[in-house]
Amino acid sequence: MRERVVQGIEGEAGEAVRTGALVSSGWYPVAWHDATLAAVEAALPNERDVIRRLTYDSVRHDFQTIFKIVSLVASPAFALSTSAKVMARYYDGGRVGIPEAREGFVRFLFDDYHGFTRRLWEDVHGGLESIVDLMGVERLPFEIITMSGPHAELIVRYRVA
């Protein structure tokens, strides 16, 4: 599967992946990330929501220990608000606004994420779902107001057990 994805990445992104030109400390066009996610979708055409689930699992794997510690000292609303702002470490440009955050409810406004596609917003969505679950609360269905182009608005709801 990995080889099908690697071979399926189109354009400069695919060339960079196949030649080993990527470095973990490098900054790359957001279109390269989208091309990689497109290749994942193409390799798994019958897997609904594959990007969201893949990101969910990745975040869970990478941050499981830290969120166990965070959940001892911070509310889920605080952890979600802070984690969304971490996007600046992964994406150059864009702004995250949190006009409302209270226990059980966080409203996110993402703006000026130029080059973002449905796939990239699914990536963000999966990461937020994983964070809610890592905080040990009951995740309720997210309300997606919009996830289109450079803008997204979504509401995360959860219940503290």
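Helix 3 passes helix 4 in a right-handed crossing, a crossing being right-handed if the near helix is turned clockwise from the far one by less than a right angle, and left-handed if anticlockwise. Helices here are DSSP runs of H or I with at least four residues, strands are E runs of at least two, and both are numbered from the N terminus. This is a predicted model, with pLDDT of at least 70 needed for local features and 80 or more for side-chain atom pairs, while totals for chains, interfaces and linings use all residues. Residues are numbered from 1 along each chain as its sequence is written, and side-chain values use heavy atoms, with hydrogens and water left out.

Back to that pair of helices. The axes of helix 3 (residues 30-43) and helix 4 (residues 50-73) come within 10 Å and cross at roughly 115°; axes are lines fitted to C-alpha atoms, for helices over the stretch in contact, with angles running from 0 to 180 degrees between N-to-C directions. The two helices are therefore roughly perpendicular (65 to 115 degrees; under 35 is roughly parallel, over 145 roughly antiparallel, and the rest oblique). On the helix 3 side, Leu37, Val40 and Glu41 meet Val50, Ile51 and Leu54 of helix 4. The residues of this contact split into 5 nonpolar, no polar and 1 charged, where Ala, Val, Leu, Ile, Met, Phe, Trp, Tyr, Cys and Pro count as nonpolar, Asp, Glu, Lys and Arg as charged, and the others, Gly among them, as polar.

Helix 3 also packs with helix 6 (residues 118-134): their axes come within 9 Å and cross at roughly 85°, which makes this pair roughly perpendicular. Helix 3 brings Val30, His33, Asp34, Leu37, Ala38 and Glu41 to the contact (heavy atoms within 4.5 Å), and helix 6 brings Arg118, Arg119, Leu120 and Asp123. Here the residues divide into 4 nonpolar, 1 polar and 5 charged.

Thr55 sits in helix 4 and is buried, at 12% relative accessible area (buried is under 20%, exposed over 50%, partly exposed in between; 1.4 Å probe, protein chains only). Neighbours within four places in sequence aside, Thr55 touches Asp123, Gly126 and Gly127.

As for the whole chain, there are 6 helices and 5 strands, in the order α-α-α-α-α-β-β-α-β-β-β. The C-alpha atoms fill a box of roughly 45 × 35 × 30 Å along the principal axes. Buried residues account for 39% of the 161 residues. Of the contacts with a separation of 6 or more, 59% join residues 24 or more positions apart.
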